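The entries follow the order in which I looked things up.

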Amino acid sequence: MPFSSLGLSAPLLVAIKEKGYTSPYPIQQEVIPAVLKGRDIVGIAQTGSGKTASFALPILELFQHRKTNRNRYVRALVLVPTRELAVQIEEVFRGFGSRLDRQVKTLAVYGGVSINPQMMKLSGTDVLVATPGRLLDLLSSNSVQLSEVEVLVLDEADKILNLGFQEEVNRILALLPAKRQNLLFSATLSGDVDELMTKVLSDPLKITIQEEASVPDLITQVAYQVEPEKKGPLLRYLIRQSDMQQVLVFTSSIRTADNVAGKLQKHGIEAAAFHGDKSQGGRTESLKKFKAGKLRVLVATDLASRGIDIKFLPYVINYELPRSPKDYVHRIGRTGRAGSSGEAISLITPEDAHHFRIIQKKMGKRVEVLPTDDFDLQGQ
Ligand code: AMP
């Protein structure tokens with residue numbers, strides 16, 4: 001099925017082609033026509049399924065013909081759990097909207113940076129992509145109005161609720177007009193999400209794309225047995241041996257992320273840490289460099305395991321295993337995306353062996369744990 005059969009007009013088809021998409025992903029085939037018809041949607045889908053384009057394209061299609069809205073009265077509200085996701089979605093809207101006759105203005109607003117520049121840019125915004133806390137700040141200063149919202153998107157609804165934004169979301173929902181279209185996306189269907197769905201959606205079309213905890217076949221998984229004190233040298237050995245030029249390394253704590261990045265730097269491998277204690281500016285900067293292939297290693301906590309879309313990331317390394325098998329799948333899902341293959345490597349200490357077996361059982365895939373005795377780790 002080609003993109004041209006989904007009801008999208010020529011300027012969007014041109015932008016899609018320029019982006020290099022040849023055919024729509026399953027979620028796009030189902031969601032785009034349904035949104036154009038005005039339906040509410042529940043999409044059970046993870047990052048990587050193509051869900052962003054599935055809501056961005058029909059919203060742009062619908063909005064391109066409308067007259068400019070009243071100042072500060074946004075037309076679509078996209079609520080997201082994290083700043084990174086907000087920025088990413090804004091980019092998708094802007095990219096696809098680049099060819100439209102009438103500009104559909106999209107703006108991302110999120111906390112951790114000063115509010116004034118965001119306030120100044122709000123004027124004329126059609127699509128507002130926001131984290132809940134910052135949106136409430138903007139609402140309380142009357143910088144934005146939600147009473148004319150036509151489309152509400154709740155993206156990664158499970159994560160929004162897990163992060164404790166329930167009350168904020170309820171306050172925001174109370175400000176929206178009753179008549180509107182609602183699109184809700186979530187990787188899982190927890191009890192909380194279910195409750196939110198009942199509250200928000202009306203007769204939704206339900207689409208399930210990827211089974212939870214399933215691993216795309218494009219990802220090769222490998223594990224190496226290692227004593228805790230040899231993890232650093234093994235990491236450097238693997239990076240050098242395979243000449244990895246773009247690798248995302250996961251740790252469980254902020255401290256370890258800082259330590260690992262510091263050690264890599266000391267050994268001449270360009271690296272930066274990426275976690276919640278870093279300033280927003282620092283995070284944006286290192287992610288930008290990493291995405292552009294100008295930073296060899298990004299050492300991240302699970303903050304980066306969801307929602308961050310890095311095209312063609314060839315390597316993910318679990319320096320430490322995550323506690324939950326679901327997080328393992330999210331982490332390694334950063335590679336092998338959009339049709340390109342990738343390798344996910346886990347460093348397994350004797351203490352991790354049991355937990356790693358549980359992870360494998362949960363995802364339904366066996367991963368061989370290879371010995372590292374023969375590796376020459378001296379001088380690493
Ligand atoms: P998402 O799930 O929205 O984060 O999208 C995951 C990745 O798939 C992003 O890199 C998109 O650019 C890419 N993508 C989405 N739809 C398509 C498509 N139809 N063809 C090729 N790549 C796509």
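I began with Arg180 and found its side chain 3.2 Å from the backbone oxygen of Pro177. I note that the model is a predicted one.

I next placed Arg180 in the chain: this residue sits in the loop that links helix H8 (166-173) to strand S6 (181-186).

I then asked which side chain of opposite charge is nearest to Arg180, and how far away it is. The answer is Asp40, at 7.0 Å. Arg180 is buried but forms no salt bridge.

I listed the contacts of Arg180, setting aside residues up to four places away in sequence. Arg180 touches Asp40, Val149, Glu150, Leu152, Leu173 and Val200. Asp40 is thus named both as a contact and as the nearest opposite charge.

I turned to Ser346, which belongs to strand S13 (residues 342-348). Is Ser346 buried or exposed? I record Ser346 as buried because its relative accessible area is 0%, and the cut-off for buried is under 20%.

I looked up the partners of Ser346, excluding neighbours within four places in sequence. They are Val222, Ala223, Tyr224, Asn318, Leu321, Tyr328 and Phe356.

Methods: Residues numbered from 1 in each chain as written. Predicted model: local features only at pLDDT ≥ 70, side-chain atom pairs only at ≥ 80, totals over all residues. Heavy atoms only, no water. Helix = DSSP H or I, 4+ residues; strand = E, 2+ residues; numbered from the N terminus. Buried < 20%, exposed > 50% of the residue type's maximum accessible area, 1.4 Å probe, protein only. Lys, Arg positive; Asp, Glu negative; His and termini not counted. Salt bridge = Lys/Arg side-chain N within 4 Å of Asp/Glu carboxyl O. Polar contact = N/O pair within 3.5 Å; in protein donor to acceptor, adjacent residues only side chain to side chain. Contact = heavy atoms within 4.5 Å.
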